[in-house]
Amino acid sequence: RIAMAHDPTDLLRIQLKISDTDGERVVHIEVDRQASVDDVKCCVFEKDLAEGSSVRLICLGRVLMEGPLRSQLEQMRCGDRPVILCHVRRGGVAKPRAEWSTPWSSKPGVASSLLFYACCAIVLGVCWQQYLLSPQHFDRGARFALWCFSALWAYTAAGFTSAVVQNLWHSGAQPARRVVDPSHSQRVAVVAPEGPTTTG
């Protein structure tokens, strides 16, 4: 339970019905007049937000927007004990470091592609060397073919290199983590333990 240094008569108790992949549960909170929707999210769903999950608060079929919470509830005339539905959508989980720290050259297809481009580079290098040393041995068709194959090799090699770099970058990416402002807990307090809902 989080203590709040506010006038108890100025607090509004709200029932949160939370639905996520673990099931459903009910949480009761008290908020003051300065509390925002973001305050509620950061206080009640701090762990979920840190893991990259998204949270939506819905009251009377309308999604509560970022901003003052109580003014939105008063506009919707939710009464003294409003009920808010909370939908938590789990965020993507980052791959364990052991999975993406494997040398990229050992991944399927990468080594063979590297070997192919290396062989092409050697062959083109030999051809260009011969062309620069003895240009008279190359007719117009041979020069055209040399230029075309060189341009094609450069284009495909650049695309392959870009794909490898993007793969390595995304495989090592970590999920976005949200920094929670300590002031959120001063405007929102959990007043009842979490528990499973019962259906009758």
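Predicted model: local features only at pLDDT ≥ 70, side-chain atom pairs only at ≥ 80, totals over all residues.
The largest nonpolar core has 25 residues, and Leu16, Leu73 and Ile84 are the ones with the most contacts inside it. Several elements give two or more residues to this core, namely the strands E1 (12–20), E2 (23–31), E3 (54–59) and E5 (83–89), together with the helices H1 (37–44) and H3 (69–75). If we set aside residues up to four places away in sequence, Ile84 touches a list of residues that includes Leu16, Leu57, Ile58, Leu69 and Leu73.

Turning to charged side chains, we find that the structure holds five salt bridges. One of these joins Asp20 and Arg90, whose closest N and O atoms are 3.2 Å apart. Because Asp20 lies in strand E1 while Arg90 sits in the loop between E5 and helix H4 (97–100), this pair ties together parts that are 70 residues apart in sequence. Asp20 counts as buried because its relative accessibility is 12%, under the 20% limit, whereas Arg90, at 29%, counts as partly exposed.

Arg90 also meets Asp48 in a salt bridge, at 2.2 Å from N to O. Since Asp48 belongs to helix H2 (residues 46–50) and Arg90 to the loop between E5 and H4, the pair ties together parts 42 residues apart in sequence. Asp48 is buried, at 9% relative accessibility. Asp20, Arg25, Asp48 and Arg90 are linked in a network of salt bridges.

A further salt bridge joins the side chains of Glu66 and Lys41 at 3.0 Å, N to O. Glu66 lies in the loop between strand E4 (62–63) and H3, and Lys41 lies in helix H1, so this pair ties together parts 25 residues apart in sequence. Lys41 is buried, with a relative accessible area of 9%.

Methods
Residues numbered from 1 in each chain as written. Heavy atoms only, no water. Core = buried A, V, L, I, M, F, W, Y, C linked by side-chain atoms within 4.5 Å. Buried < 20%, exposed > 50% of the residue type's maximum accessible area, 1.4 Å probe, protein only. Helix = DSSP H or I, 4+ residues; strand = E, 2+ residues; numbered from the N terminus. Contact = heavy atoms within 4.5 Å. Salt bridge = Lys/Arg side-chain N within 4 Å of Asp/Glu carboxyl O.
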